[in-house]
Amino acid sequence: ADTLNLSSDGLISGEGADYNSAAEDFAGSGANLNIIANTLHLDGSINVDGGNHAGGRSKGSGGNAGSLRLDIKNSFDISGYIFARGGTADSDSCGARIGNNGNGGVINIVNKNVNLIDGIIETNPSAIGGCINGVYRNSEIYANKIIVDVNQSFLVAGIVNATNITIEGTL
């Protein structure tokens, strides 16, 4: 695309399907998105979360989060939300196909031209599941400036490289 404008109420969603069965199995994994554009205006949300087990009679495991690769030619700002969180699992049991936390996702910004990240980025594994075995996966994010305001979070493992980082929220 030449220009991708995701306004504050806009959403690109690649969420994994929730698991709604009494059988022991995994919820859907999040999508793997590759966004290529000359210019990006990101005020909305991009979501590649893993699916959740539905609770109740559902005996499933959480889906792993997907990945997002932003390949943007020109400098840009991120003031929206990017989610790549693992899906929740049955918290009462742990087995091969039950209670496994979904792993966190991957966010890669391949061009080192982000002016400002002033939004929420979360790539964490699920905290809900009987096995307590979800893991962070490595991301790679470069920016001139990252601001994590009060009530915001920046939950990322891997390489985070910025000239200026201001933290008032959760890092």
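**Getting to know a chain of strands**

Reader: Hello! Is Tyr19 buried or exposed?
Author: Welcome! The relative accessibility of Tyr19 is 13%. The cut-offs are under 20% relative accessible area for buried and over 50% for exposed, with partly exposed in between (1.4 Å probe, protein chains only). Tyr19 therefore counts as buried.

Reader: Thanks! What kind of model am I looking at?
Author: Residues are numbered from 1 along each chain as its sequence is written, and side-chain values use heavy atoms, leaving out hydrogens and water. Local features need pLDDT of at least 70, side-chain atom pairs count only at pLDDT 80 or more, totals for chains, interfaces and linings use all residues, and the model is predicted.

Reader: What share of the contacts between residues at least 6 apart in sequence joins residues at least 24 apart?
Author: A contact means heavy atoms within 4.5 Å. Of the contacts in the protein chain between residues at least 6 apart, those joining residues at least 24 apart make up 71%.

Reader: How much of the protein chain is buried?
Author: The protein chain exposes about 7900 Å², of which carbon and sulfur atoms supply 44%; these areas come from the Shrake-Rupley method with a 1.4 Å probe, and for residues only the protein chains shown count as cover. Of its 171 residues, the buried ones make up 47%.

Reader: Which two residues does the disulfide join?
Author: A disulfide is a covalent bond between the sulfur atoms of two cysteines. Here, sulfur atoms within 2.5 Å count as a pair, and a search of the whole structure finds 1 disulfide. With an S to S distance of 2.1 Å, it joins Cys94 to Cys131.

Reader: How many residues apart in sequence are the parts that this pair ties together?
Author: Cys94 is in the loop between strand 8 (81-83) and strand 9 (106-109), while Cys131 is in the loop between strand 11 and strand 12. Cys94 is exposed at 52% relative accessible area, whereas Cys131 counts as buried at 16%. The two parts tied together are therefore 37 residues apart.

Reader: Is Ile132 buried or exposed?
Author: Ile132 sits in the loop between strand 11 (120-122) and strand 12 (138-148). It is not a glycine, yet its phi is positive, about 50°. Ile132 has a relative accessible area of 65%, so it is exposed.

Reader: And what is the relative accessible area of Asn151?
Author: Asn151 lies in the loop between strand 12 and strand 13 (154-155). Its phi is near 70°, a positive value in a residue other than glycine. Asn151 is exposed, with a relative accessible area of 73%.

Reader: Where does Ile72 lie?
Author: Ile72 is buried, with a relative accessible area of 0%. Not counting residues up to four places away in sequence, Ile72 touches several residues, including Ile35, Leu40 and Asn113. Ile72 is part of strand 6 (residues 67-72).

Reader: How far apart are the C-alpha atoms of Val148 and Ile46?
Author: Val148 is in strand 12 and counts as buried at 1% relative accessibility. Beyond its neighbours within four places in sequence, its contacts include Phe154, Ile167 and Thr170. Val148 and Ile46 are 102 residues apart along the chain, and their C-alpha atoms are separated by 18 Å.

Reader: Last one: is Gly119 buried or exposed?
Author: Gly119 is found in the loop between strand 10 (114-117) and strand 11. Leaving aside neighbours within four places in sequence, Gly119 is in contact with several residues, among them Ile78, Ile147 and Ser153. With a relative accessible area of 2%, Gly119 is buried.

Terms used: Helices (H or I, at least four residues) and strands (E, at least two) are DSSP runs, numbered from the N terminus.
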